[in-house]
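Try each task before reading its solution.

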Amino acid sequence: MIVKTKQNLNPEGYLYLDQKRKLGLVKRIQKQINKFDLKPEDLEFKTS
């Protein structure tokens, strides 16, 4: 029996698996950046 009407919205539930993996990868990288207290100047990105 439904007592309250509540929408169960899961925005990540509708993404494809590769998109979910990318989100997980971004979260892990952000966690490691915070863990090692890295600053933007510590990260050097080079493009060719």
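A residue is called buried under 20% relative accessible area, exposed over 50%, and partly exposed in between (1.4 Å probe, protein chains only). The model is predicted, so local features need pLDDT of at least 70 and side-chain atom pairs pLDDT 80 or more, while totals for chains, interfaces and linings use all residues. Residues are numbered from 1 along each chain as its sequence is written, and side-chain values use heavy atoms, without hydrogens and water.

**Exercise 1.** Work out why F36 counts as exposed.

*Solution.* Start with its place: F36 lies in the segment after helix 1 (17-35); helices are DSSP runs of H or I with at least four residues, numbered from the N terminus. Next, take the relative accessibility of F36, which is 54%, so the residue counts as exposed.

**Exercise 2.** Compare the span of helix 1 with the expected one.

*Solution.* Helix 1 has 19 residues. The expected span is 1.5 Å times one less than the number of residues, here 27 Å. From first to last C-alpha, helix 1 reaches 27 Å, close to that value.

**Exercise 3.** Which residue forms a salt bridge with D37?

*Solution.* Look for a side-chain nitrogen of Lys or Arg within 4 Å of a carboxyl oxygen of Asp or Glu. The partner is K39, with the closest N and O atoms 2.9 Å apart. Then check accessibility: D37 is exposed at 54%, whereas K39 is partly exposed at 35%. The structure holds one salt bridge.

Terms used
Helix = DSSP H or I, 4+ residues; strand = E, 2+ residues; numbered from the N terminus.
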